[in-house]
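Here is a briefing on one chain. It takes confidence first, then the nonpolar cores, then a helix pair.

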Amino acid sequence: MRIVLAEDSLLLREGLVRLFDEAGAQVVAAVGDAPELLAAVRDYRPDVAVVDVRMPPTFTDDGLRAAVEIRRTVPGTAVLMLSQYVEESYAADLLTTGGGVGYLLKDRVAKLDELTDALERVAAGGTALDPEVVAALFSTRTRSDPLEKLSPREREVLALMAEGRRNQAIGRALTLSAGTVEKHIAAIFDKLGLPPSADDHRRVLAVLAWLRGTPPTAS
C-alpha cells in the first residue's frame, strides 16, 4: 500500500512514517502543508492519503479542504483524516464524498492494529470512523432524520458499520449471531431503499444517508 502523509508536526510526521512502515505500508511522500499534499498526490498517485485536519497555511481546515479536493481531482484515492479532537462537520463533509474515507483521533493512531485495520478498510473503499466520531455524529441527528424508521438495534448495527466493522466484528460487539447481524443489515438496506446493486457499495451508502440526513440513492 502506497501512502502520502500530510502532517505539519515534524516529530509526529516522522513517528507516523515509522508506524506505517511497521504496518507494511510504503510512505512515498511525507509533507507538511496542504499545497504540498495536493502536489504529492498528483505526482505519486497513492492508494491512501493520510491527512491532518488542521494544517498550514491557515491551521483551520486546510487539510480537510485539500482532502475533498483530492477526492474530486484524483478519483480513487482513499483518504484517512487525523484530528486531535472530534469535529463533526469535518467528518460529515469528508464522508459525503463517498466510500474510501476515514476519520481517526490521533491518540488512536498509536495502536498499530487499529491503524492497519483503518488503512485496509479505506483502501478497499469502505469507511473507518473513530467510535467517538460516530457517537458525536449520532448525537447531532435531527427529528427529520430519514433513519428514524430504524430500530434502536439497527442503529447500533449502523453505527458499527460506520466505524467500518465487518459482520463478524459487529456480532461480537453486540453479542449477536452471524445470521442475526445479516438480518439487521438487510433490514437497514430495505428501510433505506437500497436494493442489491453491482455498482454501489450499500454499506457506504447507508452510512452516507445517516451523515447527509437525506434518503440515499442507488443505481
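pLDDT is the predictor's confidence in each residue, from 0 to 100. This is a predicted model: local features need pLDDT of at least 70, side-chain atom pairs count only at 80 or more, and totals for chains, interfaces and linings use all residues. Residues are numbered from 1 along each chain as its sequence is written, and side-chain values use heavy atoms, without hydrogens and water.

**Confidence**
- The chain's mean pLDDT is 83, and 84% of its residues reach 70 or more.
- Residues 214-219 have pLDDT below 50; beyond near neighbours in sequence, this stretch has 15 contacts in the model (heavy atoms within 4.5 Å).

**Nonpolar cores**
- A nonpolar core is a set of buried Ala, Val, Leu, Ile, Met, Phe, Trp, Tyr and Cys residues joined through side-chain atoms within 4.5 Å.
- Buried means under 20% relative accessible area (1.4 Å probe, protein chains only).
- The largest core has 47 residues; L37, M81, M161, I188 and A206 touch the most other members.
- Helix 8 (residues 152-163) gives the most to this core, six residues.
- Another core, of 18 residues, lies apart from it and includes L5, V109, A118 and V122.

**Helix pair**
- Helices are DSSP runs (H or I, at least four residues) and strands are E runs (at least two), numbered from the N terminus.
- Helix 9 (residues 167-174) and helix 10 (residues 178-191) pack at about 105 degrees, with axes 9 Å apart.
- Axes are lines fitted to C-alpha atoms, for helices over the stretch in contact; angles run from 0 to 180 degrees between N-to-C directions.
- Helix 9 and helix 10 are therefore roughly perpendicular (65 to 115 degrees).
- N167, I170 and G171 of helix 9 meet V181, E182 and I185 of helix 10.

Note on methods
Angles under 35 degrees count as roughly parallel, over 145 as roughly antiparallel, 65 to 115 as roughly perpendicular and the rest as oblique. Buried means under 20% relative accessible area, exposed over 50%, partly exposed in between (1.4 Å probe, protein chains only).
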